[in-house]
Amino acid sequence: QVQLVESGGGLVQAGGSLRLSCAASGRSFGSNAMGWFRQAPGKEREFVAAISWSGGTTLYADYVKGRFTISRDNAKNTVHLQMNSLKPEDTAVYYCAGRMYSVGSSKSYDYAYWGRGTQVTVSS
């Protein structure tokens, strides 16, 4: 099976930055597109960013464009989310996800593997 573990969350003031990391492992993990989703209390899980297996194609939600950058290092089986200019509304649990396809997706149901999440809190 594929296992995903997120790290890098924490408390930061508005305007600050955080870099999230996701470590992937498992014999079933191959040419997988990866994504980041987030969920705030009382709200549904929402799409943040996705990246193709090759890293050549990325997809971002409108509310993070220009502020967040997704990247991956296949040699290290990791994916990252660099978050700059953070806003209080970015506060949520951030989840790393993987799908059994090389092209990324903004739909949570397209992803088969999920991490446990890492908390990001942005104060004003």
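Okay, a bit of housekeeping. Residues are numbered from 1 along each chain as its sequence is written, and because this is a predicted model, local features need pLDDT of at least 70 and side-chain atom pairs count only at pLDDT 80 or more, while totals for chains, interfaces and linings use all residues. Side-chain values use heavy atoms, with hydrogens and water left out.

So, the overall build. How many helices and strands does the protein have? Zero helices and eleven strands. Read from the N terminus, the elements go β-β-β-β-β-β-β-β-β-β-β. The protein has a radius of gyration of 13 Å, close to the 14 Å from the globule rule for 124 residues, so it is as compact as a globular protein of that length. That radius is taken over C-alpha atoms, and the globule rule is 2.2 Å times the number of residues to the power 0.38. As for the elements, helices (H or I, at least four residues) and strands (E, at least two) are DSSP runs, numbered from the N terminus.

If you boxed up the C-alpha atoms along the principal axes, you'd need roughly 40 × 25 × 25 Å. Of the 124 residues, 42% are buried. Buried here means under 20% relative accessible area, exposed means over 50%, and partly exposed is in between, with a 1.4 Å probe and protein chains only. The protein exposes about 6,500 Å², and 47% of that comes from carbon and sulfur atoms. Those areas come from the Shrake-Rupley method with a 1.4 Å probe; for residues, only the protein chains shown count as cover.

Now contacts, meaning heavy atoms within 4.5 Å. Take the contacts between residues at least 6 apart in sequence: 58% of them join residues at least 24 apart.

On to charge. There are 13 positive and 8 negative side chains, and the centres of the two sets sit 5 Å apart. Lys and Arg count as positive, Asp and Glu as negative, and His and the chain ends are not counted. Each charge is placed at NZ of Lys, CZ of Arg, CG of Asp or CD of Glu.

How many salt bridges turn up in a search of the whole structure? Four. By salt bridge I mean a side-chain nitrogen of Lys or Arg within 4 Å of a carboxyl oxygen of Asp or Glu.

The residue to look at is D90. D90 pairs with R38 in a salt bridge, 2.8 Å from N to O. That pair links distant parts of the chain: D90 is in the loop between β8 (78–83) and β9 (92–99), R38 is in strand β4 (residues 33–39), and they are 52 residues apart. Buried or exposed, these two? Both D90 and R38 are buried.

D90 also forms a salt bridge with R67, where the closest N and O atoms are 2.7 Å apart. R67 is in the loop between β6 (58–60) and β7 (68–73), and D90 in the one between β8 and β9, so this pair ties together parts 23 residues apart in sequence. R67 is buried, like D90.

For another salt bridge, go to D62 and K65, whose side chains meet at 3.4 Å, N to O. D62 is exposed, at 65% relative accessible area.

Last stop, some loops. G8 is in the loop between β1 (3–7) and β2 (10–13), and it's partly exposed at 36% relative accessibility. Skipping neighbours within four places in sequence, G8 touches L18, R19, L20 and T118. G8 and H80 are 72 residues apart in sequence, with C-alpha atoms 9.5 Å apart in space.

G15 is in the loop between β2 and β3 (18–25) and is exposed, at 54%. Its C-alpha is 8.9 Å from that of S124, 109 residues away along the chain. Again setting aside neighbours within four places, G15 is in contact with S85 and L86.

S85 is in the loop between β8 and β9, partly exposed at 41%. N77 is another non-glycine with a positive phi, about 55°. You'll find N77 in the loop between β7 and β8, partly exposed at 36%.
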